[in-house]
Amino acid sequence: ITSLTPLSINHGAKQDNIDSEIHTIDTYFQPAPQYGHFISINESALYQNELPPAAMISRSFRPSKSVHPNSMALRVARSSSVIIVWRTSLLMDVPVHLHGHSVEVLDVAIPDLRQDCNLQACRLSQAYASKEKIKSLDKIPPGLAIEKDTFIIPAGGAVVTRIHTGKRGIWLATGQKDIHGEDGMSFVMIVGDYKIPRVDNWPADFPTCDSPLVKSTSLKPHCQCYIDKDAPFQLEMPDEKYCSRSHLCRHELSHTANLESHVYGPGFNIQSGSSGMPDFAVAVIFFFLVLTSVVLITVLPSRSSHSNITGLNDEKKPRRSSSLGIGSRISQRRNAIIRSNIDIDIGSTGGSSSIP
């Protein structure tokens, strides 16, 4: 699209004395709880691709300001033959579409899912690890291989394709499932030394999609993916994986991350969550507390019931003694009353005898 001229795709015959460029595109899926789709170009680190929010062909687009740090691009020569080996570790077939080009499907490798895959992912196919094998496929004359604009990478498999590039331009390659492209499994193929013109010589009626919504859209975060290696029953991410989603960058975006080493003043430093105690020690202490709670819950009720029975037995004994004491007091009072009656009788008898 240099100088705003339309692209023309060259499907001319490949010259036998010129070897094609060879590139590899690998796709990867990370299951929950991380959940993300990633792509690797020429065996680079895995990136969760994020396209710029603004249109790459527009007046306001500037690579230094608009391109996301995790934007993935494959650069190929113009007017040339290019072989791309597509591989995937996904447990499902991946449909791929490369805009602006028809691809020749030279060969397909279908793996043995029982040997090459587990419940999480498949190993990347090594069917085309040999450069000699790829060069032998490159000798297939144009027109003999199947030509398609959309093809399928088998689950855990690989596909060898060949394209013939034309003039300079930028083209999007993405999976045909919405979740694949939206979640980072895509990239841009840059043909030739294409660059956005810096001078403002765009035609007045040139179409644009720089709406207020697009202009107000900010870049998504970028980070080395969060890996909680101490979390139980969690599938770990491979190293060298870079994310562009908030839930995978929470270790850098959260308030806790901002307080991790925030210095408010000289000599005053806030640390969040860094107790220094090893994780296994915390687990041992937690297990000990749980065991102690179980023992207390099991033993205390039996001891309390035994003490209640003993207390009941002890309460019965004083009642017996108290009843005996009451009876003795009643008998003493009865005896005292009898004695007083006797004294009265005696006194009355003596008095009557003294009366003349």
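Which pattern do the disulfides of the protein follow, with bonded cysteines counted along the chain? The pattern is 1-2, 3-6, 4-5.

Some ground rules. This is a predicted model, where local features need pLDDT of at least 70 and side-chain atom pairs count only at pLDDT 80 or more, while totals for chains, interfaces and linings use all residues. Residues are numbered from 1 along each chain as its sequence is written, and side-chain values use heavy atoms, with hydrogens and water left out.

Disulfides, then. A disulfide is a covalent bond between the sulfur atoms of two cysteines. The cut-off used here is a pair of cysteine sulfur atoms within 2.5 Å. Searching the whole structure gives three of them.

Take Cys 117 and Cys 122. They are joined, S to S 1.9 Å. The torsion about their S-S bond is about 100°, so this disulfide is right-handed. Cys 117 is buried at 16% relative accessible area. Cys 122 is buried too, at 7%. Buried here means under 20% relative accessible area, exposed means over 50%, and partly exposed is in between (1.4 Å probe, protein chains only).

Now Cys 223 and Cys 249. Their sulfur atoms are 2.1 Å apart. The S-S torsion is about -90°, so this disulfide is left-handed. Cys 223 sits in strand S13 (residues 223-224), and Cys 249 in the loop between strand S14 (241-243) and helix H6 (250-253), so the pair ties together parts 26 residues apart in sequence. For the labels: helices (H or I, at least four residues) and strands (E, at least two) are DSSP runs, numbered from the N terminus. Cys 223 is buried, at 6% relative accessibility. Cys 249 is buried, at 1%.

Next, Cys 225 and Cys 243. S to S is 1.8 Å. The torsion is about 105°, so we have a right-handed disulfide. This pair links distant parts of the chain: Cys 225 in the loop between S13 and S14, Cys 243 in strand S14, 18 residues apart. Cys 225 is buried at 6% relative accessibility. Cys 243 is buried at 0%.

On to the rings. How many aromatic pairs does the structure hold? Four. Rings of Phe, Tyr and Trp (its six-membered ring) pair if their centres lie within 6.5 Å; planes under 30 degrees apart count as stacked, over 60 as edge-to-face, and the rest as tilted.

Among the pairs is Tyr 47 with Tyr 242: centres 4.9 Å apart, planes at 20°, so stacked. Tyr 47 is in strand S3 (residues 46-47) and Tyr 242 in strand S14, 195 residues apart.

Another is Trp 86 with Phe 151: centres 5.2 Å apart, planes at 65°, so edge-to-face. Trp 86 lies in strand S5 (residues 81-88) and Phe 151 in strand S9 (residues 150-153), so the pair ties together parts 65 residues apart in sequence. Trp 86 is buried, at 3% relative accessible area. Phe 151 is buried, at 3%.

Lys 241 lies over the face of Phe 38, 4.6 Å from the ring centre. The test is NZ of Lys or CZ of Arg within 6 Å of the ring centre and within 35 degrees of the ring normal.

Last stop, helix H8. Val 295 is in H8 (residues 279-353). Val 295 is partly exposed, with a relative accessible area of 42%.
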